[in-house]
Amino acid sequence: MKLNFVCDCGNQVAFFGTGMNDDQEREIMEPEDDDRLQVMVLDSGLVLTCRFCKQGYRLPNQSSDFAY
Ligand SMILES: [Zn+2]
């Protein structure tokens, strides 16, 4: 396991390395169960949405300006 997502509602999804690397030697990771977590990549950053309680979480794209 490389990363473990835990929502406030208790939903947990582990991310596993696939053993495949991209062209910059970064390992590709995948969530163990995409029925429990939706992963979206937007211009503003990475968005994780819990499919149980619909809470969303965002990792900001560091190259974009923060807009709070
Ligand atoms: Zn949740």
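**Note on an all-strand predicted model**

1. Read from the N terminus, the elements of the protein follow the order β-β-β-β-β-β. The model is a predicted one. It holds 6 strands and 0 helices. Along the principal axes, the C-alpha atoms of the protein occupy a box of roughly 35 × 30 × 15 Å.

2. Of the 68 residues in the protein, 4% are buried. Among contacts with a separation of 6 or more, those between residues 24 or more positions apart account for 22%.

3. Three strands form an open sheet in the order 1-2-3, and their pairing is antiparallel. Strand 1 and strand 3 are the edge strands; each has a single partner strand, so one side of each has no neighbour in the sheet. From one strand to the next, the twist averages 30°.

4. Strand 1 and strand 2 are paired in the antiparallel sense, over 4 bridges. Within this pair, Phe5 stands opposite Val13 of strand 2. The two strands form a hairpin with 5 residues between them, and Gly10 in its turn has a positive phi of about 100°.

5. Asn4 belongs to strand 1, which covers residues 3-6. Is Asn4 buried or exposed? Asn4 is exposed, because 10 other C-beta atoms lie within 10 Å, and a residue with 12 or fewer is classed in that way. When residues up to four places away in sequence are left out, Asn4 touches Gln12 and Ala14. The C-alpha atom of Asn4 is also separated by 6.1 Å from that of Phe15, a residue 11 positions away along the chain.

6. Phe15 has a bridge partner in strand 3, namely Pro31. The pairing of strand 2 with strand 3 is antiparallel and comprises 4 bridges. A further residue pair between these elements is that of Asn21 with Glu27, the latter being the bridge partner in strand 3.

7. Glu25 lies in the loop between strand 2 (12-21) and strand 3 (27-31). What is the value of phi for Glu25? It is near 65°, a positive value in a residue other than glycine. The hairpin in which Glu25 adopts this phi has 5 residues between strand 2 and strand 3. Glu25 counts as exposed, because it has 6 C-beta neighbours inside 10 Å.

8. Strand 4, residues 37-42, pairs with strand 5 in the antiparallel sense over 6 bridges. Val41 is placed opposite Leu46 in strand 5. How many residues join strand 4 to strand 5 in their hairpin? The hairpin runs through 2 residues.

9. Strand 5 and strand 6 are also an antiparallel pair, with 5 bridges. In this pairing, Thr49 stands opposite Gly56 of strand 6. The hairpin of these strands has 5 residues between them, and Lys54 takes a positive phi there.

10. Why does Lys54 count as exposed? The reason is that 10 other C-beta atoms lie within 10 Å of Lys54, whereas a residue is termed buried at 20 or more.

11. Glu25 is exposed, with 6 C-beta neighbours inside 10 Å, and Lys54 is exposed, with 10 other C-beta atoms within 10 Å. Gly10, in the turn between strand 1 and strand 2, has a positive phi of about 100°.

Technical notes. Residues numbered from 1 in each chain as written. Predicted model: local features only at pLDDT ≥ 70, side-chain atom pairs only at ≥ 80, totals over all residues. Contact = placed C-beta atoms within 7 Å. Pairing = 2+ DSSP bridges. Axes fitted to C-alpha atoms, helices over the stretch in contact; angles between N-to-C directions.
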